[in-house]
Amino acid sequence: MERVGRFRFKCKKDSVQHLYQITDVHLLSMACAQNKFEEYLYQIKNDPVAIVIGTGDYIEGISYNDIRFSPSEMPVKVRVCDLADYGKYSFDLLYDMLKPIASKILALGFGNHEYVLLDKTKSPHLWKDFIAKIGCKDLQYTGMLDLIFQNGVRDHIFRVAAHHGAGWAQKPGGVAIRLEDFMSGIDSDIFLMGHLHKQMYQKLEVVGCDPSMTKIISTHRLGVVGGSFLRTYTEGVSTYAEKRGYRPTPLGNPCITIQPETRQLGVQW
Ligand SMILES: [Fe+2]
């Protein structure tokens, strides 16, 4: 677990801030909807109040020495010689895609796909090099950070926890239980996870007192399962997910809306 740090932002009164979660893109899979991911990056690039946190599985990361490797699931543009240094090839592509929004990225974590690729290619330095090139903080698999929005003299602090995600769930109830397990075990205002390739959020109402104990207040915590850009079914290839009969999932990653003064949180895909 990483204690990532605090990030301060000046904001106008009654403004709405946008936190984007990049997760489970699975670049370099035949089933990746790369054009939709590029549209999402374009939206971030043109959003003046955008900040970004990533929760892993940006790349498919399945090299020739991985038991899951299937040549038919590789994009046509990948040449045989690219497999000689597939870790570098994958992270170079990811860097090229994220570079235009690098200044908006606060922290990136990795998922099981990056973890296995770094392990299989015996090149753990690629992750540290990539993070240094982007110029963001390293969230590893789990991290916590504070977003501090300042307008005038007041600081509005939101604690964010992010984990790549774990486990398996196909039904909405299973996804909800997984999300609630994380939300109840990690103290944060906003909890982000990926991995399950589903789009879901939950709000947990929390009743308490204001800091000076002058009134009872009700706030809420927001938990988000961020979705994916990986298609379950793709013409011309039988993917891992298709063979296991997974349900088709909607494509896309979320934009979390934060209203600093009212502490209202929302999410849209
Ligand atoms: Fe994933």
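1. A word on the model. This is a predicted model: local features need pLDDT of at least 70, side-chain atom pairs count only at pLDDT 80 or more, and totals for chains, interfaces and linings use all residues. Residues are numbered from 1 along each chain as its sequence is written.

2. Overall make-up. The protein has 6 helices and 12 strands. These are DSSP runs numbered from the N terminus: helices are H or I of at least four residues, strands are E of at least two. The radius of gyration is 19 Å, close to the 18 Å that the globule rule gives for 269 residues, so the protein is as compact as a globular protein of that length. That radius is taken over C-alpha atoms, and the rule is 2.2 Å times the number of residues to the power 0.38. The C-alpha trace spans about 65 × 40 × 30 Å along its principal axes.

3. The β6 hairpin. β6 also pairs with β7 (residues 154-163), antiparallel, through 10 bridges. Leucine 145 faces valine 160 in β7. The hairpin has 2 residues between its strands, and glycine 152 takes a positive phi near 65°.

4. The open sheet. Six strands run in the order β5-β4-β3-β2-β11-β12, with mixed pairing. β5 (137-140) and β12 (264-268) are the edges; each has a single partner strand, so one side of each lacks a neighbour in the sheet. Within the sheet, β2 (residues 17-22) and β3 (residues 50-55) are parallel over 5 bridges. Isoleucine 22 has glycine 54 in β3 as its bridge partner.

5. Helix α5. The buried residues of α5 are Val175, Arg178, Leu179, Phe182 and Met183. They cover an arc of only 130° around the axis, which puts them on the same side of α5. The arc is that of the directions from the helix axis to the C-beta atoms. Gly173, Ile177, Ser184 and Gly185 are exposed on the other side. Buried means 20 or more other C-beta atoms within 10 Å of the residue's own, exposed means 12 or fewer, and partly exposed lies in between; C-beta atoms are placed from the backbone. The cover over the buried residues of α5 includes β7, β8 (190-193), β9 (199-209) and β10 (216-226).

6. Burial overall. Of the 269 residues, 36% are buried.

Terms used: Pairing = 2+ DSSP bridges. Contact = placed C-beta atoms within 7 Å.
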